[in-house]
Amino acid sequence: MIKNIVFDLGNVILKDKPSEVLNNIKINNEECEIIKNTFFSNWDELDLGNVTIEEHLENCNMPINIEEFKEILIEYYKYRAFNEEVVKLMKELKKNNYKIYILSNNNKQAYEYLLKLPIFKSVDGWVVSCDYHIIKPNKKLYEILFDTYNLNPAESFFIDDKKENIHMARILGMNGYVLDYKRDGINELIKNMKENNIKC
């Protein structure tokens, strides 16, 4: 029986499009593409906790002047929207007495900001890559989640937007669902959860 629902953040609970942030900046299309292909690209070192957002931005060496909107980029996480249907699902699951956990590749600054938001008060536990210098789909990050919160993988269900992350969950005994929110919305996810006898 499933007792624990584990959520990823980006492209699951949160919309993870650069445009969500870049809409707040007055730049032309060329500058927009430069930022997408530099600042919003290859975040492994950030998610591993090896660099700060400021250091990542500096390492991008962008060939444009970013001083006017530098702070917006550094605090990009404040401009990301939520997938409201997923947030509603989290609340319904909590009402039905499921434990809610976050398993995410993310950086320290974004994590510390999100942790304080009222929307996450119902979350029972977090495991975020930057704290352990490990990113999904490395199995060690999943094992940290299981060990820290004494979770039985067979009693847990993982929702992530990447096939390789769900594949690793299944190898470790945790069922899950690859969410393509942009394409499918939430209906297929709910259908799959019901097939797994999850009340939602």
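**Entry 1**

I began with His133, which is found in the loop between strand 3 and helix 8. This is a predicted model, and I kept that in mind while reading the backbone angles. His133 shows a positive phi of about 55 degrees although it is not a glycine.

In the loop between strand 3 and helix 8 I also found Pro137. The peptide bond that joins Lys136 and Pro137 is cis, with omega about 10 degrees.

Which other non-glycine residue did I look up for a positive phi? It was Asn42, with a phi of about 50 degrees. Asn42 belongs to the loop between helix 2 (29-38) and helix 3 (44-47). I noted Asn42 as exposed because its relative accessibility is 61%, and the cut-off for that word is over 50%.

**Entry 1: the whole chain**

Next I stepped back to the protein chain, where I counted eleven helices and five strands. The radius of gyration is 17 Å, close to the 16 Å that the globule rule gives for 200 residues, so the chain is as compact as a globular protein of that length. Along the principal axes, I read a C-alpha trace that spans about 55 × 30 × 30 Å.

How much of the chain counts as buried? I got 47% of the 200 residues. The exposed surface comes to about 10700 Å², and carbon and sulfur atoms supply 44% of it. I also looked at contacts between residues at least 6 apart in sequence: 64% of them join residues at least 24 apart.

Strand 1 (residues 4-7) and strand 2 run parallel and are joined by four bridges. Here I picked out Val6, which stands opposite Tyr101 in strand 2.

Which helices pack on the sheet here?

With strand 3, strand 2 pairs in the parallel sense over four bridges, and Ser104 has Val128 in strand 3 as its bridge partner. Is strand 2 mostly covered or mostly open? I found it mostly covered, with five of its six residues buried.

Asn107 counts as buried because its relative accessibility is 1%, with the cut-off at under 20%.

What does the side chain of Asn107 meet in a polar contact? I found the side chain of Tyr76, at 2.8 Å. Leaving aside neighbours within four places in sequence, I listed Trp43, Leu46, Asp47, Ile53, Tyr76 and Cys130 as the residues in contact with Asn107.

**Entry 2: Met174 and Lys163**

Met174 sits in the loop between helix 9 and strand 5. Met174 is buried, at a relative accessible area of 1%.

Which residues does Met174 touch, not counting those up to four places away in sequence? My list reads Val6, Tyr142, Phe146, Pro153, Ser156, Phe157, Phe158 and Ala169. Val6 was already in my notes as the residue opposite Tyr101. I also checked the C-alpha separation of Met174 and Asn152, which are 22 residues apart along the chain, and got 8.2 Å.

Is Lys163 buried or exposed? Lys163 is exposed, with a relative accessible area of 65%. I placed Lys163 in helix 9 (residues 163-171).

Conventions. Residues numbered from 1 in each chain as written. Predicted model: local features only at pLDDT ≥ 70, side-chain atom pairs only at ≥ 80, totals over all residues. Heavy atoms only, no water. Buried < 20%, exposed > 50% of the residue type's maximum accessible area, 1.4 Å probe, protein only. Polar contact = N/O pair within 3.5 Å; in protein donor to acceptor, adjacent residues only side chain to side chain. Contact = heavy atoms within 4.5 Å. Pairing = 2+ DSSP bridges. Helix = DSSP H or I, 4+ residues; strand = E, 2+ residues; numbered from the N terminus. Rg over C-alpha atoms; globule rule 2.2 N^0.38 Å. Areas by Shrake-Rupley, 256 points an atom, 1.4 Å probe, with all protein chains shown as cover.
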